[in-house]
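User: I have a structure open here and would like to talk through its arrangement. Could you take me through it?

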2 protein chains.
Amino acid sequence: MKNKTISLKERPSGKPTLNNFEISEEEVPKPKDGELLLQAKYVSVDPYLRGRMRDQKSYIPPFELGKPLESGIIAEVLESNNKNFTKGEFVNGMLQWKKFQTSNGNGLNKVDRKHAPLKTYLGVLGLTGLTAYLGLEKIGKLQKGETLLVSGAAGAVGSVVGQIGKIKGCRVVGIAGSEEKIDRIQEKFGFDAAINYKTTTNINKAVAAACPNGVDVYFDNVGGEILDAALVNMNRYGRVINCGAISLYNKTETPTGPRVEPLLIKNSILMQGFIVRDFVKDFGPAQKQLAKWMEEDKLTYLETVVEGFENIPQAFIDLFDGKNKGKMIVVV
Amino acid sequence: MKNKTISLKERPSGKPTLNNFEISEEEVPKPKDGELLLQAKYVSVDPYLRGRMRDQKSYIPPFELGKPLESGIIAEVLESNNKNFTKGEFVNGMLQWKKFQTSNGNGLNKVDRKHAPLKTYLGVLGLTGLTAYLGLEKIGKLQKGETLLVSGAAGAVGSVVGQIGKIKGCRVVGIAGSEEKIDRIQEKFGFDAAINYKTTTNINKAVAAACPNGVDVYFDNVGGEILDAALVNMNRYGRVINCGAISLYNKTETPTGPRVEPLLIKNSILMQGFIVRDFVKDFGPAQKQLAKWMEEDKLTYLETVVEGFENIPQAFIDLFDGKNKGKMIVVV
């Protein structure tokens, strides 16, 4: 039995390519005292990983060249020399892109497939769902009757954001990049209206038309011109949750746009960068609420599941072409 | 005795000029039942009035063409047909640019010259001081030991912001546009360091050098490139109080600049538009605190006093050339 590792070979310039990654083979490690041997089962690939591929200080240190990449992974405990874990259990945590790896157990949470399919702990019950829920709760402070605008609306986070908006009694408008996505968010996820930004000639006017009472909360997964359109349509005391900026991640030069400060001042608007890890202490109750909504059939989700450890880099690259329907997961 | 009124003749395009204003003469009005006759004593001119000269929706309606302008004014009660006011009292409120005017008393606050010079109710004890205090309190949430950066630092609001920062035990760095202002904010107002943005070749590096521990709170009175420099130097969980954008007010085209959303996400930064009128219910305690600091000689201020009702427009225009030292006031 051989182990495999995916490392960062070179930092992407612009859109990532397969050449940026390297797959190597090695021996399966042996767990020491207090350690576990883990086998990766499901690997989450997410747009934010692009940021860690840049050589710059951020909320997590950048990936190092020649070192394994990492992301949210569900793994099975194959051997345990740690009294807190038992062989056959499943755990969730930030783990390396390796088929097999050892861990001292720090930062790992047990997950139970009796309650929900294991994969959902990377999606709607994992950081994806928590990002949607806590972003709306902590920064958006969304109130019944308000208008919620969401970009990347057909994506893993966006689709949960919109559904929570509907549960809370809001008008929910989504922005996405294909007719198929536009249909999906209205039919499957219950959004009130949707805008295809790729075929809309004037995004400002499209947002205005879809949000006749203005925008109260904008959950931004994309940044750029769609953020500009949201800002000019915001009501007084509007809130922008800056969760992602996928439209900018692959830019090689500093992106520019209209200045936001006159708009913020004019309408007392708040914009705030949101990182779900800042709210770890709120994960427990948030997860319970999400699970409850799932049981009540108020919250649904889609996944795009790619097979094969070797396909992790391609699955990651496909995120930037919007090829995923909902959460992108690689099954090892 | 003739009355005089200053009206908006035409909306400024770019920097305001005297031609945008018109002075007319009329009879002194007679107060009806329940009304007062007021004589303007001190008139506040402020950069934010430029925004109201534009024909666009904002937090206050725009000025109308051919109608009198208005701003914060201290006036004397010359006659009173209103039981709540007595002849000889002084009041503070949003009043028209008229030598004499009637009022039903709504929105007027009495001011007492025994406690402080009347003019200070337009400055450090008025909206100016309240803007500094409440902006730091409500959005900045400034903590002891943090680094506070202030632009427009030698101005009416900025100089109070910096002094409050020192009272709270912070490192305070100011940005202003002349050597004389740079000296003044350090020597008179006790700032720890100061940057002359007009002679600095690289404002990003200058901010980095003056803020070796990064910027925790940035109180922005100017917007534009100085805001950009603050953002790239901000620490995690940094807060930006978007109070003014004087560098952009006279632009005729939509100003552009580097996009902020990647920086907000990277460091969980908050930016929020601040309008002091959103916090009217906090004015009382805030004013008490400011008055106490003045009595204790912890808070000082400068004024530029211009004489003559007819000179209100010129005093307003001079704000955009930075000709004022501290609060600009016209004594009628």
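User: What kind of model is it, and how is the numbering done?

Analyst: This is a predicted model, in which local features need pLDDT of at least 70 and side-chain atom pairs count only at pLDDT 80 or more, while totals for chains, interfaces and linings use all residues. Residues are numbered from 1 along each chain as its sequence is written, chains are lettered from A and ligands numbered from 1 in the order in which they are written, and side-chain values use heavy atoms, with hydrogens and water left out.

User: Into which domains is chain A divided?

Analyst: Chain A has domain 1 (2–119 + 301–331) and domain 2 (127–277); such bounds come from an automatic or database domain assignment.

User: How many residues does the contact take from each domain?

Analyst: Domain 1 of chain A gives 20 residues and domain 2 of chain A gives 17 residues, where contact means heavy atoms within 4.5 Å. The centres of these two domains, taken over C-alpha atoms, are separated by 29 Å.

User: Now the helices. At roughly what angle do H2(A) and H3(A) cross?

Analyst: Helix H2 (residues 127–140) and helix H3 (residues 156–167) of chain A cross at roughly 45°, and their axes come within 8 Å. Helices (H or I, at least four residues) are DSSP runs numbered from the N terminus; axes are lines fitted to C-alpha atoms over the stretch in contact, with angles from 0 to 180 degrees between N-to-C directions. H2(A) and H3(A) are therefore oblique to each other, given that angles under 35 degrees count as roughly parallel, over 145 as roughly antiparallel, 65 to 115 as roughly perpendicular and the rest as oblique.

User: Which residues make that contact?

Analyst: From H2(A), they include A:Thr128, A:Thr131, A:Tyr133 and A:Leu136, and from H3(A), they include A:Val157, A:Val160 and A:Ile164. By class, this contact of H2(A) with H3(A) has 8 nonpolar, 3 polar and no charged residues; Ala, Val, Leu, Ile, Met, Phe, Trp, Tyr, Cys and Pro count as nonpolar, Asp, Glu, Lys and Arg as charged, and the others, Gly among them, as polar.

User: And how does H2(A) lie against H8(A)?

Analyst: The axes of H2(A) and helix H8 (residues 283–295) of chain A come within 10 Å and cross at roughly 100°. That makes H2(A) roughly perpendicular to H8(A). Among the contacting residues are A:Leu130 and A:Leu134 of H2(A) and A:Phe283, A:Leu290 and A:Trp293 of H8(A).

User: Changing topic: what superposes chain B on chain A?

Analyst: A rotation of 180° with 0.0 Å of shift along its axis does so, at an RMSD of 0.0 Å, by least squares on the C-alpha atoms of residues with pLDDT of at least 70 in both copies. The two copies are thus related as by a two-fold rotation axis.

User: Through which surface do the copies meet?

Analyst: They meet through the same surface, because 100% of the interface residues of chain B are also interface residues in chain A.

Conventions. Helix = DSSP H or I, 4+ residues; strand = E, 2+ residues; numbered from the N terminus.
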